[in-house]
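Please look over the structure shown below before reading on.

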Amino acid sequence: MQDTFKHKGLRQQLVNILVNKGITDKTVLNAIGKIPRHLFMDSSFLDHAYQDKAFPIAADQTISQPYTVAFQTELMEITRGDKVLEIGTGSGYQTAVLCDLGAKVYSIERQQELFKKTSKFLPKLGFRAKKFIFGDGYKGLVEEAPFKSIIVTAGAPFVPKPLLAQLEIGGRLVIPVGENVQTMTLFVRKGLKEFDKTEFGEFRFVPLLEDKN
């Protein structure tokens, strides 16, 4: 659980890479520069922790590429105190970024192994989500809705309707949509049944699986 000067230096290099790739939100860059990503990874990948790449974690999942984390977070336009739903806790790295920005995070994970590990690990690092849930992300979390923003961290073959329904008016859903390659898509809720949709190019994610607990 060590975080050394070397790690901090590598994080600053990573921040510079993200700036060069077009990330401009200072709060997001600060979070990436602060959070020890190497602690979220398998020890065999520690030397690679601050490269801008995705790496395998438990349960055939991945820790997302830092650029992807920063890009999705920037699209959410988080302000401190926002109520946020995260679909796919995974390693918890994205969760930590959201907590660092001051969001009240509700995070759902369908892989029991990851759910158990991450829900214990994150508080040890000082990142406290409002709630960790073991369950099916396609259904969202209706009992806590509405949310200011919802982030999906796995590739969805279609947009789950419950997630759109659980956004507040003005709320934002950031979701990678597609089968093998995904298009990063932003939905902004304009009214009860009205949504603005914007697409932001291609990304690759592990699939979001339905009813697979």
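The notes that follow cover the sheet, the helices and a few single residues.

This is a predicted model, in which local features need pLDDT of at least 70, side-chain atom pairs count only at pLDDT 80 or more, and totals for chains, interfaces and linings use all residues. Residues are numbered from 1 along each chain as its sequence is written, and side-chain values use heavy atoms, with hydrogens and water left out. Helices (H or I, at least four residues) and strands (E, at least two) are DSSP runs, numbered from the N terminus.

- An open sheet holds 7 strands in the order 5-4-3-6-7-8-9, and its pairing is mixed; two strands pair if DSSP finds at least two bridges between them.
- Strand 5 and strand 9 (195–203) are the edge strands, each pairing on one side only.
- On average, neighbouring strands of this sheet are turned by 15° against each other, direction ignored.
- Strand 3 and strand 6 run parallel and are joined by 4 bridges. Val 84 has Ser 149 in strand 6 as its bridge partner.
- Strand 6 also pairs with strand 7 in the parallel sense, over 4 bridges. Ile 150 has Leu 173 in strand 7 as its bridge partner, and the partner of Ile 151 in strand 7 is Val 174.
- Strand 6 is largely enclosed by the rest of the structure, because 5 of its 6 residues are buried. Buried means under 20% relative accessible area, exposed means over 50%, and partly exposed is in between (1.4 Å probe, protein chains only).
- In a regular strand the side chains alternate between the two faces of the sheet.

**Helix packing**

- Two packed helices are described by the angle between their axes and the distance between the axes. Axes are lines fitted to C-alpha atoms, for helices over the stretch in contact, and angles run from 0 to 180 degrees between N-to-C directions.
- Helix 1 (residues 5–20) packs with helix 2 (residues 26–34) at an angle of about 150°, and their axes are 8 Å apart. That makes helix 1 roughly antiparallel to helix 2. Angles under 35 degrees count as roughly parallel, over 145 as roughly antiparallel, 65 to 115 as roughly perpendicular and the rest as oblique.
- The crossing of helix 1 with helix 2 is right-handed. A crossing is left-handed if the near helix is turned anticlockwise from the far one by less than a right angle, and right-handed if clockwise.
- From helix 1, Arg 11, Gln 12, Leu 14, Val 15, Leu 18 and Val 19 meet Leu 29, Ile 32, Gly 33 and Lys 34 of helix 2. Contact means heavy atoms within 4.5 Å. The residues of this contact divide into 6 nonpolar, 2 polar and 2 charged. Ala, Val, Leu, Ile, Met, Phe, Trp, Tyr, Cys and Pro count as nonpolar, Asp, Glu, Lys and Arg as charged, and the others, Gly among them, as polar.
- Helix 2 packs with helix 4 (residues 93–100) at about 125°, with axes 9 Å apart, which makes helix 2 oblique to helix 4. Ala 31, Ile 32 and Lys 34 of helix 2 and Tyr 93, Val 97 and Asp 100 of helix 4 make the contact.
- Val 28, Leu 29, Ala 31, Ile 32 and Gly 33 are buried in helix 2. The buried residues of helix 2 pack against helix 1, helix 3 and helix 4.
- Helix 3 and helix 4 pack at about 40°, with axes 11 Å apart, and are therefore oblique to each other. Their crossing is right-handed.

**Single residues**

- Gly 171 is found in strand 7 (residues 167–177) and is buried, with a relative accessible area of 0%.
- Leaving aside neighbours within four places in sequence, Gly 171 is in contact with Phe 147, Lys 148, Phe 187, Val 188 and Arg 189.
- Gly 171 and Ile 150 lie 21 residues apart in sequence and 8.1 Å apart in space, C-alpha to C-alpha.
- Ala 145 and Pro 146 are joined by a cis peptide bond, with omega about 5°. Pro 146 lies in the loop between strand 5 (131–134) and strand 6 (147–152).
- Glu 77, a residue other than glycine, has a positive phi near 50°. Glu 77 lies in the loop between helix 3 (66–76) and strand 3 (83–87).
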